[in-house]
Structures are given as C-alpha cells and as structure tokens.
Amino acid sequence: MAEPEFSSAAASGGGRLRNAFGGVLCAFTLLLIGVLAFSIRLFSVIKYESVIHEFDPYFNFRVTQFLSKNGIYEFWNWFDDRTWYPLGRVIGGTVYPGLTLTAGTIWWLVNSLNIPLSVETVCVFTAPIFSANASWATYLLTKEAKGTGAGLMAAAILAMVPSYISRSVAGSYDNEAVAIFALIFTFYLYVKTLNTGSLFYATLNALSYFYMVCSWGGYTFIINLIPMHVLLCIVTGRYSSRLYIAYAPLVILGTLLAALVPVVGFNAVMTSEHFASFLVFIILHVVALVYYIKGLLTPRLFKVAMTLVISVGLAVCFAVVAVLVALVASSPTKGWSGRSLSLLDPTYASKYIPIIASVSEHQPPTWPSYFMDINVLAFLIPAGIISCFLPLSDASSFMVLYLVTAVYFSGVMVRLMLVLAPAACILSGIALSEVFGVLTRSIKFQLSKLFDDSSASASASGDGSVESSTNTTKSENRNEKSETAPKEKPSKKNRKKEKEVAESVPVKPKREKRLLVLPFELSVMGILLLIVLGGFYVVHCVWAAAEAYSAPSIVLTSRSRDGLHVFDDFREAYAWLSHNTDVDDKVASWWDYGYQTTAMANRTVIVDNNTWNNTHIATVGTAMSSPEKAAWEIFNSLDVKYVLVVFGGLVGYPSDDINKFLWMVRIGGGVFPHIKEPDYLRDGQYRVDAQATPTMLNCLMYKLCYYRFVETDGKGFDRVRGYEIGKKHFKLTHFEEVFTTHHWMVRIYKLKPQKNRVRGKLKKLKTSAKTSSTLAAGRKKNPWQ
C-alpha cells in the first residue's frame, strides 16, 4: 500500500520540478527576447550617433523638453507662438500626450535615482525599450490563443521584424514607439477577459485602451476591430457572459476615459469612427436580454417574448440609426476624418485632399515592400490561419480577424504596415509552433518505437531474471487490484460510465498519433529546413536594422570608391540660422522641415508637419509656385525674412523640393485657382530642362534651387533628374542668397527690403488721373491672386 503512494508522490514531485524548470526557462527566454529587441535597434547609435531621427520626432522631443522643464500644468496650457505664424498652436490640446508623458516620466524616475541622463538620451532610447515591452505583450497575447510555445515564437519574431524596426530604432521618437505596445497589450487584455470572464481584466483593458488613446490616433483601429469581433461571435452563435464582460466595460469606461484626452474630447462620441462600437453595444444588450428571458420563460412564452423584444429592439435600432444618419449627413465629410476616408476609399485623398496624398507614407505599398518588411512571414501566415481553425476559439477567431483587417489597411497605406506586423508575427509564431510540435512529436515517437523494439528483442533473448521480475510485478498488480476492488464497490451506472470512458478515451490519442506522426527522416529534414528558413529571416532582419532603417534622415551617408561620405547639411543649415539670425525672425519653407527648424534652429516657422491648416500650407505652396515678385509680396505679408529650400541636384538627393514641387502646385491650386498644374507641365510631363514651360522656369522654387547652379560644373547638370537644367543664367531681384551648405543640399535666401528691390534707372512716375486716384484710394492688390 505504501509503494503506490510513494510512486504517485514521486511523479507529482517530478511534475512540479518539470513545471518549475519550464517556467524558469520561459522567463529566461523572454529576457533574452527583450534584450534582442532592444539591442537590434541600436545600430543607429553605434554607426552614427545618439540623435533624433526624421521630422515628427523633433517636435515630440521639443515638447518633452518643455514638459521636463516647466511641468505638466504648463504643458497643458502651452500656446506655441513659434509655429504656424501668425496663428500659433495650442500644444496641450492638439497633441497625443502619451509618448511625451511616458518619456517625461522615465526621465524623472532616472534623475530621481541620481542617474544623470539628458532628455534627449531618454527620448532616443524610448522606442527600443518599448519594443521589448511589445515583444513581451505579444507573448502574452499569443499564449492566450495557442499556448506558451506559440507565444515565445511570436515574441521572438516580433523582436526582429523589419516593419516594426523601421518605426522603433533608437532615435525614432514618434508616437508609434509606444503605441504598438499599447495596441498589443489592449488586445491581450481583451482576449484574457474573453477567456476568463474577469471584471478585473476588463477594467485593465479599459485603462490600456485609455493609454492607447493618449498615444496615437490609430486607437480607432481598436475601437472598430473589437466590435467587429463581438458581432462575429454573436452571428456565429458564440455569445456568452464572458463576451459581455469583455466588451461592455470597454465601451463605457474606455469612451469616458478617451473623452478626457484633450485632442480627442467629444470626438469620442461625435465622429463616425466610434459609431460602430455603440451600435454593437446596443446589439449585445439585445442579445443578452434575449438569453436572459430564455432562461426564465417556457419555450411557448419565449416565442411571444421574442416577438416583442425583436419588435422593440428593431424600433430602437432604427431610431438610433436615424439619429446617427442625421448627425453624419450634417457633416460635409459624413462625420469621418480625412485620413479615415482615405482608408475606406483609397482614391479620396488624391481627389479632394492633396495634402494627405502628398505624404509618402500615405501611399499604397508595393509588393516588394511586403517582402522587405515581413519577409518569410508572408509564406507562414496561411499556415497560421489554418492552425487557428484547429480548433476555432474566440481568441483564435480574433487573431484571424485582426490579420484580415490589418492586411486590408496595410494595402491602402504603407504606414499601416506597422499594424500588420504584430498580426503577421502572431500567426507565423502559431504556425511555426504547430509545425515544430508535429515534427518533434514525430521524432520522439519514432525514437521511442525504435527503443521499444530493441528492448523487446533484448528481453526475448535475455535470461529468466527479467521474466521473474515481470511475473512478480504482475502478481503485485493482481494483489493490488484484489485489495482495491472490494473497497470501491462501483454501482451498475458507474460501471457503465467507466466502461464508456474507457472505450472513448483511448480512441482520440490513437487517431491523433496516426494523423500527426511523420516518418523520422522527413521530420528531421523538416526541422533542418525550418532552421535554415529562420536563419535567412534573422540575416534579413539584421541587415534591415543595420543598413535600411538605421540611418537618420538628418544625417545622410553614401558609399563610393573613395569610401564613406557623410552629408550633414541639414544640421549645418539649422546651426547657421540659430547663430546668424534674430530670435524673432520668421523662416518660410515647405511644411516637411517645420518641426526641425523650430526644434534645432529655434526660429518661428509659417507651417510645419502638423498640417492642420490647409489654407496656410496652400499659401506657402502658392508663393513657391509664383513668379519672384508675387512670391515676395506673399512672404512679405506673412512677415517672412528668410526662405529655406532643399536641393539635391548636386549630390543626387532625390527627396528635395524640386521633386515635391508638383504637390506644392496641387495644394496651392486647391485653394487659389489661378495656380494650375498644367501650366507647369510640358505635354503632361514634369520637366526642368530646356523643354520646361515658361511658368516652371520663372517660378520661385526653380530660381531658388538653381540659382548659380551652373557654376558647379559649367553645364548645370541635375543628377536627380538626369539632365541639364533649362534656365541656367539668371539673377534674383527680390531675394538674395545668404547661405548654402557644403553639398548644396540646403539653401537659405533673405527677402530684400522694399527700398533695395529696384535696380538701374528709376522710371518717372506717370501722373495720370487714373494712377493718382488709385493711390489716393489706397487700394492694395491681393498678393494671393
């Protein structure tokens, strides 16, 4: 009697030890994945320096500096008079504060611990830190759907996926740095609540959604995807109390918390992006009422009650829909923002809002960009979808729905490849985990079968000692059965149940083994192929992190036979503005460079990357598209003193203002009709050579970029466009060149004072009656017409 108890205790002890070892190994693996996610994003710091990247991060850095210096209350009330002159901008009410508050909190904590880190250092490393957090959140989400193995695999894949690296390298201090973590963690808490029915996790889910709202405008993806999944569960007959607990608190608490964010405010209940969640909320309550009534009434009374409930429910739904339609119809954009309409109708921005279509990251991606950003995951995703249906659960159906919607949105806007990356990693991790599970189980089964055959042959040829030992064990087993049998005395019903269980239990494992066991050689070959495939993926990810996505746009490099060349023209130009202009001087440029000019040169700009005022941007575009005199009048009316243009014709930099010029024409022409795009095209082609139109050759943008350009090589050959420019020798009458960087990438001009504009002999003023009456009336011509 003591021996079985001892063996069961030993087995349970071994199981505990195995679980403990598995938990420690899992924790250590997650730690390594976090280190990998952080370290692979440090190439930009190692190869270049610790510097902020791109354009938007400079505004976020400037706001974080203000927050750390002046405090949270001054931040909420900050009116920035150095942007959008003469309008200004209320910073606290127009930014998503999640990133700024997160980095500011980290800076405060490390300095409280007497670790002297600057605000810039914290901002540079915020994105790598949260990429590790996103990997751990991916593990938790995938674990809820398909187990620990799939979670570890998905976390390791996300730590290296190039699509996420492109937005989270060290120095990429943008909203997506923390928003992707918030997105994945919100989905995890939703699925966790869906699996457990815990109100505690439902509350945490609403708080996580609130953090997502604070961090990024992409929170609307969450508040539309989750209602879609809830509706899918209702339609497919998977309604449960857990579904109600997972969704209802999110809508109520999440909407109330979202309305507290100043940039969102009443948009949380007034815009069309949020109406789907409210409609599904009503449907969910109708379904819950039906299920509640069904549990109280008899089937006959239930039919009568169903008729009443459906009638009242349809009436309420029609009333709500009528109110929503009235609200939507009163808006010229039907209650949708311009970016949302661009997602629903990919041609909308190009037709009606050229300012949105002009942004490169708002363009649809190409097929090579998918292979560049998710690589081999594109081939693993279908296998992951199949795995989610074997078996289908609420969590796995959510994964599939997440993937389908993310694929659509990434196909509309290349920026949303970032939203696709977590879904692709999760589905690929599930697929790899399932495949590895089948292959390793097959090898284990084949090896055990081989060892059993060898042990059977050895026992058949062995001596009688083994035979005696087996006989003794058999007799002990018989004695144990005889001892335990009279004590249990099972009834007839229990005997039938045990017989049914005994007959039904062994059938499933046999079927599973027959279906999932592969030959030994095929299993080994499959594992080797998967390892090679993973190796190619790792090599591609490291290359993308080191070469493709680590270079900061503020510092450019190129390789030639002479070695590595560094182009630091942007910082050179901003440093000149900072040291050689007055603090109150206004600088005009295209909106792409507004954030950098304000943050690095500390000068007032006319427009910047916020793009909230289309008319103001169109005014600058009109000035760049106009002849020199008309452009001077426009800039002078805006109190502009310096004009900055970016030119890449000398060094071959393609993202210069000449290549962006047609968007300036389109945006300007959308507000001021006298600017017409065909006037700048020759037979439908955009040219700056001898075949260019006179309107193009005489506009301000052409003159500011190509002024004195012929002096560089004597021909005026543009390396970006690939031909010689049309108008080579000309002089400026209303602007004067004050600074050109070393590689001619940034050129700065100063507006000439009015008294110095006219050169040569002064013409006698005509004293006609018409002229005198015009001067007496004091009418001033509108410079924008």
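**Exercise 1.** Find how much space lies in the largest cavity of this predicted model, and which residues line it.

*Solution.*
Step 1. The largest cavity holds about 30 Å³ of space. A search of the whole structure for cavities of 30 Å³ or more returns one.
Step 2. The lining of the largest cavity consists of Tyr209, Tyr219, Ile223, Gly254, Thr255, Ala258, Ala268, His274, Ser277 and Phe278.
Step 3. Two or more of the lining residues come from each of these elements: α11 (219–235), α12 (241–258) and α14 (275–296). With three residues, α12 gives the most.
Step 4. Sorted by type, the lining has six nonpolar residues, four polar ones and no charged ones.

**Exercise 2.** Describe how α11 and helix α21 (residues 394–412) are placed relative to each other.

*Solution.*
Step 1. The axes of α11 and α21 come within 10 Å, and they cross at roughly 130°.
Step 2. An angle over 145 degrees would count as roughly antiparallel, and 65 to 115 as roughly perpendicular. The two helices are therefore oblique to each other.
Step 3. The crossing in which α11 passes α21 is right-handed.

**Exercise 3.** Which residues of α11 and α21 meet, and how do they divide by type?

*Solution.*
Step 1. On the α11 side, the residues are Phe221, Leu225, Ile226, Met228, His229 and Cys233.
Step 2. On the α21 side, they are Asp394, Ser397, Phe398, Leu401, Tyr402, Thr405 and Phe409.
Step 3. The residues of this contact divide into nine nonpolar, three polar and one charged.

Conventions: Residues numbered from 1 in each chain as written. Predicted model: local features only at pLDDT ≥ 70, side-chain atom pairs only at ≥ 80, totals over all residues. Heavy atoms only, no water. 1 Å grid on protein atoms, 1.4 Å probe; cavity = no way out; pocket = protein on both sides within 12 Å on 5 of 7 lines; lining within 4 Å. Points joined across faces, edges and corners; volume = space filled by probe spheres on them. Helix = DSSP H or I, 4+ residues; strand = E, 2+ residues; numbered from the N terminus. Nonpolar A, V, L, I, M, F, W, Y, C, P; charged D, E, K, R; others polar. Axes fitted to C-alpha atoms, helices over the stretch in contact; angles between N-to-C directions. Parallel < 35°, antiparallel > 145°, perpendicular 65-115°, else oblique. Left-handed = near helix turned anticlockwise from the far one by under 90°. Contact = heavy atoms within 4.5 Å.
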